[in-house]
Structure formats: C-alpha cells, structure tokens
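Here are a few notes to read alongside the coordinates. Have the viewer open as you go through them.

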Amino acid sequence: MLRFLARRLTQSVLTVFGVLTAAFFLVRLAGDPSVLLLPVEATDKDIALLRSELGLDQSLPVQYGKFLLNVLQGDLGLSLRQRVPALDLVLERLPATLELALTAFVLGLVLAFVVGLVMRLTPSPRLRAAIMWLAFIRQAIPVFFFGLLMILLFSVTLGWLPSLGRGTIYHLILPAVTLATYELALYLRLFNSALGEQQGQDYVRTAYAKGQTRTRIILRHMLPNALLPLVTIAGINLGMLLGSAVVTETVFSWPGVGRLIVQSVSQRDYPVVIAGVLMMSLVFVLINLTVDLLYAVLDPRVRLS
Amino acid sequence: MTETTAPILSVRNLVVEAVNASGPVRIVDGVSFDVHAGEVFGIVGESGSGKSITMLAVMGLLSGRTRLAGGEVKLRGKSLTDMSREELRRVRGRNVSMIFQDPMTSLNPVLRIGNQIAEILEIHQPELSRAAVRDRVIELLSLVGVPSPERRYRQYPHEFSGGMRQRAMIAMAIANNPDILIADEPTTALDVTIQAQVMELLLEVRTRNRAAMILITHDLGLVAETVDRVAVMYGGRLMEEGPVEEIFSRPAHPYTVGLMASRPRLDAAPAFLYSIPGQPPSLANRPSGCVFNPRCALQNGREICTTKLPLLDSVSTAHSAACHFSREIDGWIGEVVTADRNSMREAP
C-alpha cells in the first residue's frame with residue numbers, strides 16, 4: 001500500500017511539473033505582454049526597459065530555468081497588472097471555484113446514484129428509456145449554451161434567479177444546475193450501464209438460486225460491483241469538471257479561478273495564468289489520488305496488489 | 001433404491017423456448033424424468049444439448065431470452081411451475097440448491113465468503129441469531145474441508161483457490177439441508193487433481209444430508225462411477241434413460257452408442273478417437289422426425305426416422321429409449337466397433 005502510494009505520488013509530481021512546463025511555454029506563444037502593459041505613446045526605450053525589468057529580454061531557456069527555480073521556492077511572481085503576488089490572486093478566487101464545482105459534482109453524482117438505483121429497482125422499460133433519452137439530450141448540449149438557455153428562462157423571462165455574480169445561495173443555483181445536469185447525465189448513463197452489465201453475471205444467478213429477493217440482489221450484490229466504474233469515471237471527470245467550470249464561470253460571471261485565468265490570458269498576465277493552471281492541476285492530481293485510495297476501499301482485489 | 005415410491009422431483013414434458021430475431025426456438029423439447037429420494041441422477045449430453053437450461057427451468061431461473069413454454073415440475077408433489085415468483089423464491093436455496101460450473105465467477109468478488117454463505121441461511125431461516133448463523137457457516141466450512149474456517153470466513157473469493165471456492169459453493173448449497181442438490185458440471189472448471197476431491201466431497205455431503213442429486217456432466221467416466229440412473233440428452237430431447245449399468249452395458253439408442261464409442265480408452269490406441277459424424281443440430285432448423293437422424297448410422301435411409309418423432313419407450317423395466325429401431329441396436333453395435341477397429345488400423 002505504501003509503495004503504491006509512493007509510486008502514485010511520484011507520478012503526481014511529474015504530472016504537475018509537466019503542466020508547469022506546458023503552461024510556461026504556451027503563455028509565451030500568446031505574445032509580448034510589455035506592449036499591452038504600457039500606454040500607446042510609450043517609446044521603444046520604455047518598452048525595452050520594461051522587458052529587461054520583467055526578464056523578457058533573456059533567452060527562453062534562461063527564463064524557463066529562473067521560472068522553475070522561483071516556483072521551487074514557492075514564488076510564482078507578481079501579477080503584471082496588479083503588482084500583487086499571482087498566487088494570492090488565485091487563492092482568493094479558489095473558494096468560489098470549489099464551491100461551484102463541488103456543488104455541481106455532488107449534486108450530479110448523488111442524483112445519478114438515486115435515479116439510477118430507483119430506475120433499476122422499479123423496472124419500467126419505458127420510464128428507463130425516457131430518462132435515458134433525456135440524459136442523452138442533456139449530454140449533447142454544450143455547457144455554455146445550456147447556461148445561456150438557463151439565463152434566458154430563469155433570469156430574463158421568469159425573473160426568478162440572478163444571472164450574474166456570486167453572493168447568495170440564489171446566485172449559485174443557475175451555474176451549479178448548469179454544471180450538475182451535465183454531470184448527472186454522464187453519471188446516470190454510466191451507472192445504468194454498469195448495473196445492467198452486472199445483471200448477467202454468474203454471481204447474480206447464484207444469488208437468485210439462493211432464493212434472494214430481486215431488491216436485495218440489486219442492493220447487496222450488484223450495487224457494490226457497479227460502483228467501481230462509477231468511482232473511476234467520477235474521479236477522472238471531477239478534473240474535467242474544473243475545465244467546464246472555466247466556461248460556466250465566464251457565462252455566469254462567477255468570480256472563480258477559471259474566469260481569472262480567462263481574463264489573465266487576454267491581458268497576457270502570465271504569472272496569474274500559470275498560478276491558476278498550477279492550482280487547477282494540483283486539485284486534479286489530489287482528486288486522482290483520492291480516487292485510487294477509494295478504489296482500494298471498494299474492491300478487495302485492489303487492496304492486495 | 002428407496003422405500004418411498006413417489007419421486008422427490010418429477011419433470012413432465014418440459015418445454016423451454018429461446019426467443020431470437022426469427023421467433024421462438026425450442027431448446028428443451030418435451031423432457032420428462034423423475035428423481036427419487038437419495039438417488040444420484042445423471043444427465044449427460046454434449047454442449048448445447050439443453051442440460052443446463054433444463055435445470056435452470058426446474059429452478060425457475062430462466063432469464064433474458066429464454067422462457068418456460070410448457071410442462072410441469074413437481075417437488076414432493078407440489079407443482080413448482082404453478083407457484084408464484086415469491087413462493088418459488090422460498091423454495092430455491094431451501095428445498096432445491098444448485099452448484100454451478102464455474103466457481104471463479106459464481107461468487108460475488110466484493111463480498112466475504114462467510115457472508116455469502118451466511119446469506120442463504122439469513123434468507124430461509126431469519127429466526128437464527130447472528131451468532132448462530134456465524135457458527136453454522138463455520139461449521140459448514142469445516143464440513144466441506146476448508147481449513148481454518150474462522151480465518152477463511154473473513155476472506156474474499158480471490159483469496160480462495162478454485163477448489164476451495166467450489167467447496168464454499170457446496171457449503172452454501174447444503175446450508176439449509178435441501179431435498180435435492182443440482183450440480184451443473186461441478187468439477188469441469190477445476191484442475192484434474194482437485195476434481196476427484198471435490199466430487200468425493202459432494203457425494204459425501206449428499207449422503208450425509210440424505211439429499212437426492214442431479215449431476216449434469218459430459219464426463220461419462222464420472223457418470224459411471226457416481227450415478228444411479230442416467231438420462232442422455234441430445235438436441236433438447238431425452239434420447240435414453242435408465243440405470244447406469246444398463247445404459248453402459250446395453251445402450252438402446254444409436255446416439256448413446258456413439259457417445260460411448262467416443263470415450264478415450266486406456267485399452268485402445270490413443271492416437272484414434274472415435275467421433276460421431278456430423279454436427280449437433282441447429283435448433284432453429286430442427287430436423288423433422290428424430291432430431292438425431294441426420295447423424296444416425298442406424299437409420300439407413302428409412303423414412304420413419306425423418307417423418308415420425310420417436311418417443312421414449314421402455315426397453316426393459318427401468319430402461320427406455322427414444323428410437324424407432326432400439327431393438328436392432330444389439331446387432332448393430334458390432335458394426336460401430338468394427339468400423340472403430342478399422343479406422344484404428346489406419347491411424348499411425
């Protein structure tokens with residue numbers, strides 16, 4: 001178990017290092033920030049001064065080496081715009097993103113679990129088909145478009161809920177539901193097919209041969225086995241959800257890390273972009289580790305190996 | 001064999017259909033047999049002959065695309081086929097138990113062995129306390145020869161070897177002292193060295209519990225050693241039925257003759273293995289008349305074999321066969337054996 005954990009930790013560190021490297025070079029492809037930072041009437045001399053101040057006049061490998069050294073010391077640099085530590089800006093926004101993403105995740109997963117189980121326990125093929133079609137349709141609609149439809153219906157037409165910003169629980173509803181329904185559709189389809197797959201297994205036939213009731217066979221025998229794929233996908237997907245959150249945050253002007261990153265990219269505020277991406281990747285890696293551990297709890301076969 | 005004359009299990013004209021794209025296909029067709037108290041009844045036949053499906057139908061475990069299309073199953077005079085689902089559920093695991101072929105997949109991988117055995121007690125004897133259930137499971141585990149049962153109780157199926165898993169399955173099957181044990185190829189998936197041990201155990205616990213047993217297998221050697229009476233299935237129908245010594249010494253159906261001739265034998269050249277010519281029938285396009293006629297060497301082009309379905313007819317007191325020409329068999333067996341020898345000479 002310890003060796004397993006050590007190996008996973010090493011992999012995680014490598015992942016984060018890869019993300020940092022990719023982020024560093026990608027933001028430099030976006031263009032020179034000094035042009036955007038200075039007023040239009042700035043002279044070439046002013047620009048050159050700023051470039052040397054930011055270290056942009058040095059070669060790319062040198063910049064990269066300095067960057068890595070600083071990161072190792074916990075220094076992600078100052079925001080080019082606001083002249084405050086980039087990490088502080090990100091950390092300030094992190095609670096908002098976690099609030100949105102976790103609400104959507106938990107809501108989607110719990111609903112998928114309940115609906116999937118009830119659907120299996122009360123076998124109406126028509127009801128099941130209808131629900132699966134709804135899930136399919138929801139999954140086919142992109143998050144940003146679904147978000148706009150929600151705003152149109154609940155904020156513009158009905159006037160029930162605020163469409164922008166963060167503050168009260170009402171502000172959370174629209175973005176959370178937008179994300180959660182997507183999660184729900186995904187998990188429901190997955191959970192349904194996982195349960196369906198278990199139905200044909202030999203051990204289920206054994207349980208019937210014992211005289212066990214259908215309900216208890218589903219709950220006691222099939223459910224634990226069907227949870228394994230659900231946990232795996234949910235773990236992988238929680239990371240992707242952070243990506244979807246970027247879009248959702250932009251649509252609903254939700255002051256989270258995602259929106260900060262998008263703004264910073266357009267302002268070429270590199271340190272903030274990198275700090276934001278780093279934060280997201282840390283969360284992602286942490287989630288994956290948790291899933292691996294959870295898997296070992298659920299499946300006795302994993303515990304040994 | 002027993003003092004009671006009424007059979008424990010009586011199956012009459014059982015018909016099972018599989019529904020496929022082109023309509024229903026009869027995969028079990030008019031199967032009838034009786035199993036008496038304390039006896040071991042064997043069902044032999046090649047893969048796809050309908051042995052296992054017949055047993056699942058008896059248990060009320062047909063699922064998916066198969067369904068009971070006719071016939072009756074009676075357990076101690078009570079009709080299982082007329083029972084409601086709920087009544088039938090109470091019979092399963094209490095009066096009738098089943099042991100399946102593959103112990104690797106027949107146990108739930110995420111539940112402890114002990115709990116899986118305990119479950120069958122909890123279902124049918126809810127009055128037992130937790131401690132009593134636990135004690136009984138440990139007793140059962142040691143009864144079926146699982147060493148250190150207290151420790152094994154807490155283990156998962158993947159921590160058990162194949163033979164041990166099948167022992168656990170047997171413990172489960174005998175937990176409620178059933179009237180009848182159905183063992184569907186219980187040793188096929190096991191190592192040869194383990195097969196004999198598990199079979200011995202199965203027969204031992206059966207004797208101890210005074211349960212009748214149905215043994216489904218394609219291992220004729222096993223049948224000869226362990227079974228009292230045997231039925232031969234082919235293409236979803238019973239071809240022949242009778243006491244095992246009689247079936248082996250005086251088979252009355254050409255299929256049985258072919259089956260016997262196909263056994264690998266120690267007294268013959270190992271290079272040659274007889275096989276019945278042709279392929280098992282496609283049940284969607286069942287041959288008219290006798291289902292075995294396209295492969296039958298005894299038919300000799302006689303019309304009745306392709307026009308009239310032969311029914312089980314007694315050959316002697318307890319022995320019956322479904323062949324229009326059972327009486328010709330005695331003279332004919334020689335021909336098969338001769339053909340057998342001739343081909344053997346050709347073999348290197």
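**Notes on the model**

1. Let's start with A:Tyr187. Setting aside neighbours within four places in sequence, A:Tyr187 is in contact with A:Gly108, A:Leu109, A:Ala112, A:Leu230 and A:Ala234. Keep in mind that this is a predicted model.

2. A:Tyr187 also turns up in the largest nonpolar core, which has 165 residues. Along with B:Ile117, B:Ala171, B:Ile180 and B:Ile214, A:Tyr187 touches the most other members of that core. As for elements, α8(A) is the top contributor to the core, giving 16 residues.

3. Next, how α8(A) packs. Helix α7 (residues 143–157) of chain A and helix α8 (residues 169–199) of chain A meet at an angle of about 135 degrees, and their axes are 10 Å apart. Angles over 145 would count as roughly antiparallel and 65 to 115 as roughly perpendicular, so α7(A) and α8(A) are oblique to each other. Their crossing is right-handed.

4. Which residues make that contact? On the α7(A) side you'll find A:Val143, A:Phe146, A:Gly147, A:Met150, A:Ile151 and A:Phe154, and they meet A:Leu174, A:Val177, A:Thr178, A:Leu179 and A:Tyr182 in α8(A). Sorted by class, this contact has 9 nonpolar, 2 polar and no charged residues.

5. Finally, the contact between the chains: chain B puts in 22 residues and chain A 17 residues. On the side of chain B that touches chain A, α2 (85–91) and α3 (113–124) of chain B are the elements giving two or more residues.

Conventions:
Residues numbered from 1 in each chain as written. Chains lettered and ligands numbered in written order. Predicted model: local features only at pLDDT ≥ 70, side-chain atom pairs only at ≥ 80, totals over all residues. Axes fitted to C-alpha atoms, helices over the stretch in contact; angles between N-to-C directions. Helix = DSSP H or I, 4+ residues; strand = E, 2+ residues; numbered from the N terminus. Parallel < 35°, antiparallel > 145°, perpendicular 65-115°, else oblique. Left-handed = near helix turned anticlockwise from the far one by under 90°. Contact = placed C-beta atoms within 7 Å. Nonpolar A, V, L, I, M, F, W, Y, C, P; charged D, E, K, R; others polar. Core = buried A, V, L, I, M, F, W, Y, C linked by C-beta atoms within 7 Å. Buried ≥ 20, exposed ≤ 12 C-beta atoms within 10 Å, placed from the backbone.
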